[in-house]
Amino acid sequence: MKAETLKKSILQYAMQGKLVEQNPDDEPANELLKRIKAEKEQLIKDGKIKKEKKLPPITDEEIPYELPQGWEWVRLGNIINIASGNFLPSSAMKIGGTVPVYGGNGINGYHNEYLIDKPTLIIGRVGFYCGCVHLSTGKAWVTDNAFITNFSENNININFLKWLLIQAELGKNDNATAQPVVSGKKIYPIIVALPPLAEQQRIVEKLEQILSLIEEYGKNEEKLSELNKTLPDKIKQSILQHAVQGKLVPQNPTDEPASELLKRIKSEKEQLIKDGKIKKEKPLPSIT
């Protein structure tokens, strides 16, 4: 199995509640959702975020599988809020700047100013890298090619949310001919499974352990792929080398030796020169 395929399978297992054991003593996710809803309503009241169009309830037809006890199905718009970064042309980036500048493809330069000052999930907004998820580590500038993600940090583990968004394949485009783009209109209705907070942490710990092994597996896979590309030519060269060194087939002591062949070749060549069919060349030096 390819490393990328294996990674996707592991993430799918994690988001289905099959990667770690459930603990019946964990506070269930529906309690998290109550607090998240209350926090969001307060942020809207304080004017810190805009009130979004109400999302439709999740129907039975939309639910793909049964969740473990304590988990809840939820639309992404109920647990995250996204806002576009600010335009920053490459000419405005500072040589020697210390603040990383994030676009859809991750860090693409440095600057002296910042828009965010804490670990933040950044989502590629448009083009080839739309839907890609990056986790900044501190102060950073985010361009308008990406979204800044806000969520209830007291109720959702940021590293779990990162893997949740990656597994959701936000950049998946239903229309192959359209320009790849993501927006709140596309992201917010997506249905995801939310586990208890304690289980989120257990899932992150297990994923970090497993995915580091998959990364190593992927590196070895690349080496093997490169070897498979070059091996046929190397084998051919090795076989030819063995052949001209007399190591490919066994020798037969009754064979006429090559010295007799050389005598006849020399005689033929002298006759061709005598007949004017080839020119006489300057004698070559003896082999030392």
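1. Two strands are taken to pair if DSSP finds at least two bridges between them; strands (E, at least two residues) and helices (H or I, at least four) are DSSP runs, numbered from the N terminus. In this predicted model, local features need pLDDT of at least 70, side-chain atom pairs count only at pLDDT 80 or more, and totals for chains, interfaces and linings use all residues. Residues are numbered from 1 along each chain as its sequence is written, and side-chain values use heavy atoms, with hydrogens and water left out.

2. Strand β8 (residues 139-142) pairs with β3 (residues 99-103) in the parallel sense, over two bridges. Here Tyr102 has Val142 of β8 as its bridge partner. β8 also pairs with β5 (residues 116-117), in the antiparallel sense and again over two bridges; Asp117 is bridged to Lys139 of β8.

3. Helix α3 (residues 158-167) is largely enclosed by the rest of the structure, because seven of its ten residues are buried (under 20% relative accessible area, 1.4 Å probe, protein chains only). These are Ile158, Phe160, Leu161, Lys162, Trp163, Leu164 and Leu165.

4. The N-terminal end of α3 is capped by Asn157, which has a side-chain oxygen 2.8 Å from the backbone nitrogen of Asn159. Just after α3, Glu169 has a positive phi of about 50 degrees.

Notes. Buried < 20%, exposed > 50% of the residue type's maximum accessible area, 1.4 Å probe, protein only. Polar contact = N/O pair within 3.5 Å; in protein donor to acceptor, adjacent residues only side chain to side chain.
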